[in-house]
Amino acid sequence: TVMPPVLGSQKGMVLLASMVFLMLLGFLGLSAMESAGQQEKMAGAIRAANQSFQGAEAAMHVGETWLQAHWSGMAECASPYRCAPPVEARSQRSPGLDPQSGINWVQTQDGLYGIQFLGLSIPLSQSEKDGSVYLYRITGIGLRGLSRTVLESVYARHQAVQDGEAGPVRQRFRRVMWRQIQ
């Protein structure tokens, strides 16, 4: 018996198998590149979110520092609407006075801050019974690319009663609340 030649009966099967294998490798490489591109976009978005958070923290800190130096020039909220958390914090992008809330938004290096004088409060602790406690809301907005972070803190200013002493009234500031809105 004579055996037929093996290569003669193949008629390009090795070439076809190689082409299918190469096509599968190409799809695998394309998928890996697509995945790497998506991961890079997610990493960029996370970085922008972190930077906007840091910007909001920095803006809030600038506002807290300003408040400790200039609290006496602040006017108390005129209505419950003006004492509410500022709605425009979710869209504010530039400094200036908001006509609805009455907040003056101040530009910082990485965002904006606004301060509201909420008014007189009840004493927040036993150590504050000997004076008055005033509350302030400081809203910091961090902007980085398309990312926005809004942070809010409420500060208490304890004004101690002077016991017949001449001189400046003692003031003590402390943060009583902090939250991330956006």
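**Exercise 1.** Leaving aside its neighbours within four places in sequence, which residues is serine 101 in contact with?

*Solution.* This is a predicted model, in which local features need pLDDT of at least 70, side-chain atom pairs count only at pLDDT 80 or more, and totals for chains, interfaces and linings use all residues. Residues are numbered from 1 along each chain as its sequence is written, and side-chain values use heavy atoms, with hydrogens and water left out.

Step 1. Apply the contact criterion, heavy atoms within 4.5 Å. With those neighbours set aside, Tyr81, Arg82 and Glu88 are in contact with serine 101.

**Exercise 2.** Decide whether serine 101 is buried or exposed.

*Solution.* Buried means under 20% relative accessible area, exposed over 50%, and partly exposed in between (1.4 Å probe, protein chains only). Serine 101 counts as buried because its relative accessibility is 8%.

**Exercise 3.** State where confidence is lowest and highest in the protein chain.

*Solution.* Step 1. pLDDT is the predictor's confidence in each residue, from 0 to 100. The protein chain averages 86, and 87% of the residues score at least 70.

Step 1. The lowest mean, 58, belongs to helix α1 (residues 6–10), and the highest, 94, to β2. Helices are DSSP runs of H or I with at least four residues.

Step 2. Where pLDDT is low, the predicted coordinates should not be read in detail.

Definitions and conventions. Helices (H or I, at least four residues) and strands (E, at least two) are DSSP runs, numbered from the N terminus.
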